[in-house]
Amino acid sequence: MPSWNSRGLRGSTLEELVNMTNEKYQLNHLALIQKIPTPIKPIRIDQQSRHITLAYFEQKSTVDYIGVVQGVPVCFDAKECATDTFPLANVHAHQVEFMEEYERQHGVAFLLIYFAKRNVFYYLRFKDLMVFWDRAKNGGRKSFTFSELDEQYVVGSKNGVFVHYLETLSKDLASRD
């Protein structure tokens, strides 16, 4: 079982920015997006501070966020990448299966990826993820590079919203019509 504290603070800055974005969206009645907590089983608790010092994941998580944007159901996972190459090992098969079923139910699934080296946020449509996923499954590269991505899905900041992904979501929805 994976340890709860083995990954340190990886992705916590991205998560904070996405959480602030979602709060702003909710305040402006644009979207209602909830962070989905990963259930953990505490193993060791510091009695003095009452903090969990060791825990294990109880079950596989699905995605980080689920909600609705102007009547459109959405789910997404937030990922951080230190280089220009995103390893597909950062996305788990059970997450892909969940997103695939979500899309089958007429929802919109995607990844929000923060490329730290470039200080760029990227909206990866589920269909684009599947191109890379299938390539890896068929013996190809087990990663994709920033240069392989469509630049129109780079996520910007706007009006105090740090990771303004609603504009790229709109582009995704328009490409489905």
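**Note on aromatic contacts and the nonpolar core**

1. Lys35 lies over the face of Tyr65, 5.5 Å from the ring centre (a charge counts as over a ring if NZ of Lys or CZ of Arg is within 6 Å of the ring centre and within 35 degrees of the ring normal). The model is predicted, with local features requiring pLDDT of at least 70 and side-chain atom pairs pLDDT 80 or more, while totals for chains, interfaces and linings use all residues. Residues are numbered from 1 along each chain as its sequence is written, and side-chain values use heavy atoms, without hydrogens and water.

2. The whole structure holds 12 aromatic pairs (rings of Phe, Tyr and Trp, the last by its six-membered ring, with centres within 6.5 Å; planes under 30 degrees apart are stacked, over 60 edge-to-face, the rest tilted). The ring centres of Tyr25 and Tyr165 are 5.2 Å apart and the planes stand at 75 degrees, so this pair is edge-to-face. Tyr25 belongs to helix H1 and Tyr165 to the loop between strand S10 and helix H4, 140 residues apart (helices are DSSP runs of H or I, at least four residues, and strands runs of E, at least two, numbered from the N terminus). Both Tyr25 and Tyr165 are buried (under 20% relative accessible area, 1.4 Å probe, protein chains only; exposed is over 50%, partly exposed in between).

3. Phe132 and Phe144 are stacked, because their ring centres are 4.3 Å apart and their planes at 15 degrees. Phe132 and Phe144 are likewise buried.

4. Phe110, Phe115, Leu124, Phe144 and Tyr165 touch the most other members of the largest nonpolar core, which has 49 residues (buried Ala, Val, Leu, Ile, Met, Phe, Trp, Tyr and Cys joined through side-chain atoms within 4.5 Å). Strand S7 (residues 108-115) supplies the largest share of this core, 8 residues.
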